[in-house]
Amino acid sequence: MADTGMRRQPREWDLRAIFATYGIAIAFLIIFVILSIVADNFLTLSNLMNILLQASNIGIMAAGLTVVVIAAEIDLSVASVQSLAAVCVSMLLTRAGVPIPVAIVLTLMLGCLLGAFSGSLAGWFGIPAFILTLAVDSLARGSALIATGGTSVFGLPDAYSFIGQGRIGPVPVAGIICALTFLAVHLILTRTVLGTNIYAVGGNKEAARIAGVNVFAVKLYVMMISGFCAALAGVVMSSRIMGAQAIMGVYDLMDVIAAVVIGGASLLGGEGRIIGTVIGTLVIACMRNGLNLLGIPADWQLIAVGGIIVLAVLVDYVGRKRVA
């Protein structure tokens, strides 16, 4: 009997470990199967590609926010920086006549500068990033409103539409850009000294400092990465709708945070993987797409998505707690 117990214990531990590691993936598969059954046309190639397109903006911003969260910080300005970037690139193209590549580069630099502003103040003065990025959120949204006068910017060159509307085969270019962003951030986290330092700072900032990690530089870089990704999302969004408004993407922040948290990144820092954020992004995108196909009103969608977020987080949390 004792031997039998010893043989069962490793198997039980393995099941719990699998549940903890792949709990959110299992939850995603359950959601995907249910929507495939109850929502007409959900499981079609055109709709699946549409989900990738819809997920691109959220995914790009979530990739950058994942790095920030792992470093035990938060960036509340990503949605507003996205809107400001969309306005910036659109105005450069339509009113300043700047070539498309130059306009994109300048816009991405703007995102990096906004991230550097938050990161440098957080590093120098120890101000919590959520306060700084909340201020940048207002600054970015207000700047976009002033620049546009509250009106839409349109008349972008036709060639610019390839970024947000183009396809390579059946796959949207925006989805490819999102995938490349996830890959780049994954490589930063797993293949660079910066990635190691990000986890170290998020796990224990003081211990990392004693070990010789430049905490200021880490905070600066993670906020710049987040700002860059937010600006890139703005470029993709403006290309997708071939225009820009200061109020566009105003509700994207919660979806971005939800994608990161659902993906398993701890808001306490030191823990998180890009593959989790990818799955979290797909959960949000599939839910919104499926509910639209079912004709669920937008207000009820907020409740449904909120419930799924709570369920997914609980599944992941219970699994981790059992393993611990």
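User: What makes a nonpolar surface patch here?

Analyst: Patches are made of residues with over 30% relative accessible area and no salt bridge, and nonpolar side chains are joined within 5 Å. In this predicted model, Y22, I26, I30, V33, I34, I37, V38 and L294 make such a patch, of about 750 Å².

User: Why is V33 called partly exposed?

Analyst: V33 has 47% relative accessibility. Buried means under 20% and exposed over 50%, so V33 falls in between and counts as partly exposed. As for its place, V33 is in helix α1, residues 2–38.

User: And A79, why is that one called buried?

Analyst: A79 comes out at 2% relative accessibility. The cut-off for buried is under 20%, so A79 counts as buried. A79 is part of helix α3, residues 78–94. The C-alpha atoms of A79 and V256 are separated by 8.5 Å, with the two residues 177 apart along the chain.

User: How many cavities of 30 Å³ or more are there?

Analyst: The count is one. The largest cavity has a volume of about 40 Å³.

User: What lines the largest cavity?

Analyst: The lining is D75, S77, V81, L114, G115, S118, V136, M223 and G227. With three residues, α4 gives the most.

User: How do you know which class each lining residue belongs to?

Analyst: Val, Leu and Met are among those that count as nonpolar, Asp counts as charged, and Gly is among the polar ones. By class, that lining has four nonpolar, four polar and one charged residues.

Definitions and conventions
Residues are numbered from 1 along each chain as its sequence is written. This is a predicted model: local features need pLDDT of at least 70, side-chain atom pairs count only at pLDDT 80 or more; totals for chains, interfaces and linings use all residues. Side-chain values use heavy atoms; hydrogens and water are left out. Patches are made of residues with over 30% relative accessible area and no salt bridge: like charges are joined within 9 Å, nonpolar side chains (Val, Leu, Ile, Met, Phe, Trp, Tyr) within 5 Å. Accessible areas come from the Shrake-Rupley method with a 1.4 Å probe; for residues, only the protein chains shown count as cover. A salt bridge is a side-chain nitrogen of Lys or Arg within 4 Å of a carboxyl oxygen of Asp or Glu. Helices (H or I, at least four residues) and strands (E, at least two) are DSSP runs, numbered from the N terminus. Buried means under 20% relative accessible area, exposed over 50%, partly exposed in between (1.4 Å probe, protein chains only). On a 1 Å grid over the protein atoms alone, a cavity is a set of points where a 1.4 Å probe fits but cannot get out, and a pocket is an open set with protein on both sides within 12 Å along at least five of seven lines; lining residues have an atom within 4 Å of a point. Grid points are joined across faces, edges and corners, and a volume is the space filled by probe spheres set on the points.
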